[in-house]
Amino acid sequence: MSFSDIFGGSCACPAGFSRCAGRCLKRLDVTVNYIEAESQCAALDAHLAVPRSDEENQCAINASLDRPVWLGLTDVVTEGQFVGADCCVVVPSNSSRWADGQPSNRRGEQHYAILFPKEMG
C-alpha cells in the first residue's frame, strides 16, 4: 500500500484524490515495495505522501484504513536523516512521530518510512 500526494492549493484535486489538510491524497490499493510505490505515484504525476504537520499525519492515518502504507520519507542518502519525496522536509530520527525504537535501520536495510496505524500495534 502507498499514498500518492499532490500539492495542495485552491484547485480541485485530480479525479480519485481527496483533499485533507490542504493536500490531495489517494490511497493506492496494491501491495508493493517502496520503489514500486514511488513509481506508481510518479505515473500519476504525484509523489508518496509526506506528512508535515500533525493534521497531515492524521489525514494519512485516517486514509490508511488501518493498513500499513508507505510514506515519502527515506534516509538512503544520509543514514538517520529522513528526507521527504518532495525534497522540502527533513524528519530527524528523534522526531516524536516515530514509534518507540524507530527508526531502527534493522540489519542496515531499513531506509524507507512506512505508516503503521496505532491499532496495528
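Hi everyone! Helices (H or I, at least four residues) and strands (E, at least two) are DSSP runs, numbered from the N terminus. Starting at that end, the order of elements is β-β-β-α-β-α-β-β-β-β.

A quick word on the source. This is a predicted model, where local features need pLDDT of at least 70 and side-chain atom pairs count only at pLDDT 80 or more, while totals for chains, interfaces and linings use all residues. Residues are numbered from 1 along each chain as its sequence is written, and side-chain values use heavy atoms, with hydrogens and water left out.

Now, the chain as a whole. Of its 121 residues, 38% count as buried. Buried means under 20% relative accessible area, exposed means over 50%, and partly exposed is in between, using a 1.4 Å probe and protein chains only. As for contacts (heavy atoms within 4.5 Å), take those between residues at least 6 apart in sequence: 60% of them join residues at least 24 apart.

Let's move to the aromatic rings. Rings of Phe, Tyr and Trp (its six-membered ring) pair if their centres lie within 6.5 Å; planes under 30 degrees apart count as stacked, over 60 as edge-to-face and the rest as tilted. How many aromatic pairs does that rule give? The count is 2. In one of them, Y34 and W70 are edge-to-face, because their ring centres are 5.5 Å apart and their planes stand at 90°. This pair links distant parts of the chain, with Y34 in helix α1 (residues 34–43) and W70 in strand β5, 36 residues apart. Y34 is buried, at 3% relative accessibility, and W70 is buried too, at 17%.

Y112 is partly exposed, at 31% relative accessible area. Together, Y34, W70 and Y112 form one aromatic cluster.

Last stop: strand β5 (residues 69–74), the strand holding W70. Strands pair if DSSP finds at least two bridges between them, and β5 pairs with β6 in the antiparallel sense over 2 bridges. T74 has V83 of β6 as its bridge partner. Their hairpin has 6 residues between the strands, and G80 there takes a positive phi near 85°. Which residues of β6 (residues 81–84) make up its covered face? They are F82 and G84, while Q81 and V83 form the uncovered one.
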